[in-house]
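Please consult the sequence and coordinates alongside the text.

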There are 2 protein chains.
Amino acid sequence: MPLGEGMARIVMKFGGTSVADIDHLRKVAERVAREVEAGNEVAVVVSAMAGTTNRLIDWAGEMSVLHDAREYDTVVSSGEQITIGLLAMALQQMGISARSWLGWQIPVQTDGIHGSARIADIDGAELVRRMAEGQVAVVAGFQGLGPDNRITTLGRGGSDTTAVAIAAAIGADRCDIYTDVDGVFTADPRIVTAARKLDRITYEEMLEMASQGAKVLQTRSVVMAMNHRVRLQVLSSFADTPGTLVVDEEEIVEQAVVSGITYTSDEAKVTLLHVQDRPGVAAAVFGPLADANVNVDMIVQSASPDGTQTDITFTVSRADLSRVERILGEKKAEIGCQDIIADPDVVKVSVIGVGMRSHAGVAQRMFGALSEKGINIHAISTSEIKISVLIGAEYTELAIRSLHSAYGLDAA
Amino acid sequence: MPLGEGMARIVMKFGGTSVADIDHLRKVAERVAREVEAGNEVAVVVSAMAGTTNRLIDWAGEMSVLHDAREYDTVVSSGEQITIGLLAMALQQMGISARSWLGWQIPVQTDGIHGSARIADIDGAELVRRMAEGQVAVVAGFQGLGPDNRITTLGRGGSDTTAVAIAAAIGADRCDIYTDVDGVFTADPRIVTAARKLDRITYEEMLEMASQGAKVLQTRSVVMAMNHRVRLQVLSSFADTPGTLVVDEEEIVEQAVVSGITYTSDEAKVTLLHVQDRPGVAAAVFGPLADANVNVDMIVQSASPDGTQTDITFTVSRADLSRVERILGEKKAEIGCQDIIADPDVVKVSVIGVGMRSHAGVAQRMFGALSEKGINIHAISTSEIKISVLIGAEYTELAIRSLHSAYGLDAA
């Protein structure tokens, strides 16, 4: 059923800091009220009040380190239950029809992977029917119902995913993700003062940004939005300005070559020195790491002049570093390497843009800009719309500022 | 299916102070473990951690004074959800099979009176099946599922009711209510040092005690236990001693005339002086109070010597007193009374015992004992197994001690 002129069916999502206490919840209710008064049909997805989920996780950890994920989900999902009831009350207090929906009531059907479940199906018919009657649906983020008829949670950042999934299920015109920033920026504004808020960005770019360090959206939610063609908007809970729209490439008329620059300090570099260069050496190194569930990101192999030895450099999550050192230390003889050097003081800087597909020389400009500042590149990895380089952590700000300027992203 | 020799199917209920934090929950788990190791099949019903429900109620009140009871139920029921998950973890940690059950999962079907729902039906088959396999059922007290597929709560003290209802549904041999006292006493031990713990008490007596001020059990839960003939035991969470069994009259061999003495300070006395004694005057007084949902308990009317005027004395809940004064103040002329005197400094003392049915002179002994101490009686009310008197609050301790001794209840 198409809505009237200018009216839209929208999903609004607010995270934990936006609903941190009664006053914040009232402000969220006022935001929702404005959309309702503008004639829109609204579903709101909310997280637990800031701090609540962490306290519940701590309790579970205190009770039992190796706890049953089903019981863990029962405990931690209670946080959103509190928020939806209170927000529905706040809306009703303002004279707006509203009701809360728990994951099992809609239901948000998930698989049975407790603690990090994936949404399988949502029947949006009842929500659509009630929203058409003017009732705001206040939906608990982060939670669903497993095949075992028990509460599942979607893992960290799951409320973004709930919002996008609800938007897809009810055929929403837009899914607005309210955050503590004004939108998606060309770079972290704390580092680059000349960074600009992007009006629009493609799903593919947003996905790369989210995976490469931009914290504004959870990666899974972007994948889901892309798959279901849900128009996402990232905007501020606190300011009253338009945010960044995440849309199809066709909706962006003038596409910049590079849309943004991100960085992540979550990786660490490992170098194996003077490895015997023989068939199967890569398997000897990376096999044991794969067995231990360690994700390896960038890999560089450099041959020695005489061709008998090689250095292997790769990156892993910083959290895995000590485990990697232990595992490879035990296999040192087997691998046939002289020394293992671990370096956590690295950062991965990425330039991202769908325009790269049709423009040559994008990588060259990156390498040139970094070389000009005397910044050494330890490793490189690329995708169709992204180039990442690993550099020393002390060059983080210098590199990002230089690249931001080199790609013409600085605000006029 | 009958259980083996010495084994029983039991329900254990723990209130908020017994599950106040992680350490308390571990102690509860140890208690449960002992019953399991003794070969019993166990369902545990728990309340929210002490303080949690009050905090949630405060938030709801802060958000909106006249809140939607359905949203209120969504919010406050989250407390038990946390407790059951944590307790199931604690049991599993001890190697005991356990799973948590929310009201809607069993389901505990209730009517639709949100905030003070009544349990309509519980299908205990799945619990029985799993308990027979050795799994402890950890059940959220206080909550159920309404006909609207939304969470309902049973009102204050609802966890006792849940425990009894679960016991009835699974055909439990016993329902153990763990509290912060050792059982049911002949009188409040803080007032009467010679008070004794009762080994057994009848449902009827327990019901009168609960209604007349004994806080150990919630009245509704006793009614339900009586109707379904669930054997209740009231015992201490902290001490390891047998408690008080609440059972059928036939199970008590030697029945005392009076089993216990209770008191309540929740009432206040209202006296209308020099009321015109004419037909319809009682309706003029009590009609408006009934319309305002004020419960009137004891009523005494004393005629004046000439028969034209009368004094009417009655008691109401102390919380209603100012409302009663306002309502009757407005109707003073209509009622035709000279003055209205409100007195909150009264206490209702009750002696209770099924033995009264077959013994004469029980009331006489009460009046004698009080008169001997110079205690004036303002009003009297009786039931088949109870006599209550209204006296000045300053005589509370003196009256209770005198009666305890007059009925031969003092410990040897």
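The points below treat the symmetry, the chain contact, and then individual elements of each chain.

The model is predicted. Chain A can be superposed on chain B with an RMSD of 0.1 Å, by a turn of 180° and a shift of 0.1 Å along the axis. This is the relation of a two-fold axis.

**Symmetry and the contact between chains**

- The same surface serves both copies, since 100% of the contact residues of chain A recur in chain B.
- Among the residues of chain A, A:Ser78 comes closest to the rotation axis, its C-alpha lying at 2.6 Å.
- Chain A contributes 27 residues to the contact, and chain B contributes 27 residues.
- On the side of chain A that touches chain B, helix H2 (52-63), helix H3 (69-76) and helix H4 (78-93) of chain A each supply at least two residues.
- H4(A) gives the most to this side, with 11 residues.
- The side of chain A that touches chain B comprises 13 nonpolar, 11 polar and 3 charged residues.

**Helix pair across the interface**

- H4(A) packs with helix H4 (residues 78-93) of chain B at an angle of about 180°, and the two axes are 9 Å apart.
- With angles over 145 degrees counted as roughly antiparallel, this makes H4(A) roughly antiparallel to H4(B).
- The contact is formed by A:Ser78, A:Gln81 and A:Ile82 of H4(A) together with B:Ser78, B:Gln81 and B:Ile82 of H4(B).
- By class, the residues of the contact of H4(A) with H4(B) are 2 nonpolar, 4 polar and no charged.

**Open sheet in chain A**

- Four strands of chain A form an open sheet in the order S13-S18-S20-S19, with antiparallel pairing.
- Strand S13 (260-264) and strand S19 (379-383) of chain A are at the edges, each with a single partner strand, so one side of each has no neighbour in the sheet.
- From one strand to the next, the twist averages 20°.
- Strand S18 (residues 346-352) and strand S20 (residues 386-392) of chain A run antiparallel and are joined by 7 bridges.
- A:Ile352 stands opposite A:Lys386 in S20(A).

- An open sheet of 4 strands in chain B has the order S15-S16-S14-S17, and its pairing is antiparallel.
- S15 and strand S17 (339-343) of chain B are the edge strands, each pairing on one side only.
- Neighbouring strands of this sheet are turned against each other by 15° on average, direction ignored.
- Helix H9 (residues 281-291) of chain B packs on the sheet and touches strand S14 (267-276), S15 and S16 of chain B; the direction of H9 makes about 145° with that of S14(B).
- Helix H10 (residues 321-330) of chain B also packs on the sheet, where H10 touches S14, S16 and S17 of chain B; the direction of H10 makes about 180° with that of S17(B).
- Strand S15 (residues 296-303) and strand S16 (residues 309-317) of chain B run antiparallel and are joined by 6 bridges.
- Within this pair, B:Ile299 has B:Phe314 of S16(B) as its bridge partner, and B:Gln301 has B:Ile312.
- The hairpin of S15(B) and S16(B) has 5 residues between the strands, and B:Gly307 takes a positive phi near 80°.

**Helix H8 of chain B**

- In helix H8 (residues 219-228) of chain B, the residues B:Arg220, B:Ser221, B:Val222, B:Met224 and B:Ala225 are buried.
- These buried residues pack against helix H6 (158-170), strand S9 (174-179), helix H7 (203-211), strand S11 (232-236) and strand S12 (244-247) of chain B.
- B:Arg229, which follows H8(B), has a positive phi near 50°.

Methods:
Residues numbered from 1 in each chain as written. Chains lettered and ligands numbered in written order. Predicted model: local features only at pLDDT ≥ 70, side-chain atom pairs only at ≥ 80, totals over all residues. Least-squares fit on C-alpha atoms with pLDDT ≥ 70 in both. Contact = placed C-beta atoms within 7 Å. Nonpolar A, V, L, I, M, F, W, Y, C, P; charged D, E, K, R; others polar. Pairing = 2+ DSSP bridges. Buried ≥ 20, exposed ≤ 12 C-beta atoms within 10 Å, placed from the backbone. Axes fitted to C-alpha atoms, helices over the stretch in contact; angles between N-to-C directions. Parallel < 35°, antiparallel > 145°, perpendicular 65-115°, else oblique.
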